[in-house]
Number of protein chains: 2
Amino acid sequence: MSRGMRFAAREVLASQGSPGDGVFTITEGMVRIYRLLADGRRQVLGFALPGDFLGLSLFDVYSFSADAVTDTVVCSFPRKSFVAYADQRPHLMGRLYEFASHELSLAQDQMVLLGRRTAEERVGTFLIMMRDRLRRLGHTSPTLPLSMTRQDIADYLGLTIETVSRTFTKLANAKTIVVVPDGVRMLRERDLERLAAG
Amino acid sequence: MSRGMRFAAREVLASQGSPGDGVFTITEGMVRIYRLLADGRRQVLGFALPGDFLGLSLFDVYSFSADAVTDTVVCSFPRKSFVAYADQRPHLMGRLYEFASHELSLAQDQMVLLGRRTAEERVGTFLIMMRDRLRRLGHTSPTLPLSMTRQDIADYLGLTIETVSRTFTKLANAKTIVVVPDGVRMLRERDLERLAAG
DNA sequence: CGACGGCTTGATAAGCGTCAACTGAGGTGG
DNA sequence: CCACCTCAGTTGACGCTTATCAAGCCGTCG
């Protein structure tokens, strides 16, 4: 019942408030998930990497928008069949519930970050988080490919593009990282971990 | 399998990282849910009112702390029996999943608030949100009883106690609200709704 | 080559945080 | 019964962090 779909960078996968007729798994690429305020302010809720799910909700409208950061391949299910299928498998429903609880816990981490952490801590936490996620996908080098823009990072961390840039520069001056084209090389992961620590 | 429990104001219901052996529904009172950073910074994740759930997760440690704002009565289930019970009822599991998805959506609203809104918008949104929740509990007057402290509100909104206080004063000067002992009376809900609007 | 978009850097300013003093309500005890 | 303490809240003065505005750099692409 699934089918593959490709999205070019910047193409929209889902739009806040529009009928949520698809459920996705990312196969390749990266998707940014966000909400917009009426005046254009944007909060990026997360970046979805291969293996991540999107639109996994029984509700019938998307509560967020999503578009492709890079060219992206997804595996898509019509929502109706997904719901019908899940309803027949108690075990699957349990997994979904666990998954949603875990997402909720991550959202709460992000609430702490947005409500109580400094710019430097936010950036450090972001880098460590990306490192851990990429690691789980088999990427072990200390050079993180950050394919999203500074604006995306800023909107994810509740900062401005300039503050993100200056914070990268500050970390680079401290020899904690090196800023490279399309990414960051971590020199002292310990220092970043200290920034990210609870 | 449930049993009633009472907690006096400030008593702890759950502690982050400790074995999550209970699942609760609030019957009376109010509970604050929060996370702490190592240096004591606190982010309040939410306030639980009668009818709300707590600790509804299949995971075996609490990912948050919770204590009573006012004297509180809860209905508590041992988590093991709760999990076992839910596993036997596919329909219940579906409801739980819907519930978790909804919570996630609310957490995302809060991420937008914390990442992108001004102090005045945060306070306005907070008041409108409390109004709506109290309304659903049958409280229809425009006077909101706010039993939590300014510090709780500040930690919920990612502000300081002083900023919350000044913002209340500013709204009071604009004749939008009146600050009363243990609460706020709303004079122009429209103005607050405008602040809260997406 | 020139235009454009993403990024960095600098100068300045605003918003919110920090520190400190003050008020008022409630509780305690002499 | 009232002096005193404590604690929550408010207000003021000040300053820091981060935002805003503006200019310039660099790589890419038509």
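The questions below take up the protein interface, then the DNA strands.

Analyst: This is a predicted model, in which local features need pLDDT of at least 70, side-chain atom pairs count only at pLDDT 80 or more, and totals for chains, interfaces and linings use all residues. Residues are numbered from 1 along each chain as its sequence is written, chains are lettered from A and ligands numbered from 1 in the order in which they are written, and side-chain values use heavy atoms, with hydrogens and water left out.

User: What area do chain B and chain A bury between them?
Analyst: Interface size is often quoted as the accessible area lost when the parts come together. Here that buried area (1.4 Å probe, summed over both parts) is 64% on carbon and sulfur atoms. The total is about 3900 Å².

User: Which residues of chain B lose the most area to chain A?
Analyst: Three residues lead on that side. Together they make up 23% of what the chain B side buries. They are B:Tyr97, B:Met111 and B:Arg116.

User: How many salt bridges does the rule find across the interface of chain B and chain A?
Analyst: The rule asks for a side-chain nitrogen of Lys or Arg within 4 Å of a carboxyl oxygen of Asp or Glu. A:Glu121 and B:Arg41 form one, with their closest N and O atoms 2.8 Å apart. Across the interface the count is 6.

User: How many residue pairs are in polar contact across the interface of chain B and chain A?
Analyst: A polar contact is a pair of N or O atoms within 3.5 Å; within protein, one must be able to donate a hydrogen and the other to accept it, and residues adjacent in sequence count only if both atoms are side-chain atoms. With both residues at pLDDT 80 or more, the pairs number 20.

User: Which element gives the most to the surface near DNA strand C?
Analyst: Near means a heavy atom within 4 Å. Of the 16 residues around DNA strand C, A:Arg150, A:Ser165, A:Thr169, B:Thr163 and B:Arg166 come nearest. Helix H5 (161-173) of chain A and helix H5 (161-173) of chain B each supply at least two residues. The top contributor, with 4 residues, is H5(A).

User: How far is a polar side-chain atom of B:Thr163 from a phosphate oxygen of DNA strand C?
Analyst: Sugar and phosphate account for 61% of the atoms of DNA strand C that come within 4 Å of the protein. For B:Thr163 the distance is 2.4 Å.

User: Which residue has a polar side-chain atom 2.8 Å from a base oxygen of DNA strand D?
Analyst: B:Arg150 reaches a phosphate oxygen of DNA strand D at 2.8 Å. B:Ser165 also lies 2.8 Å from a phosphate oxygen there. The base oxygen is approached by A:Arg166.

Terms used:
Buried area is the accessible area (1.4 Å probe) that two parts lose on being put together, summed over both.
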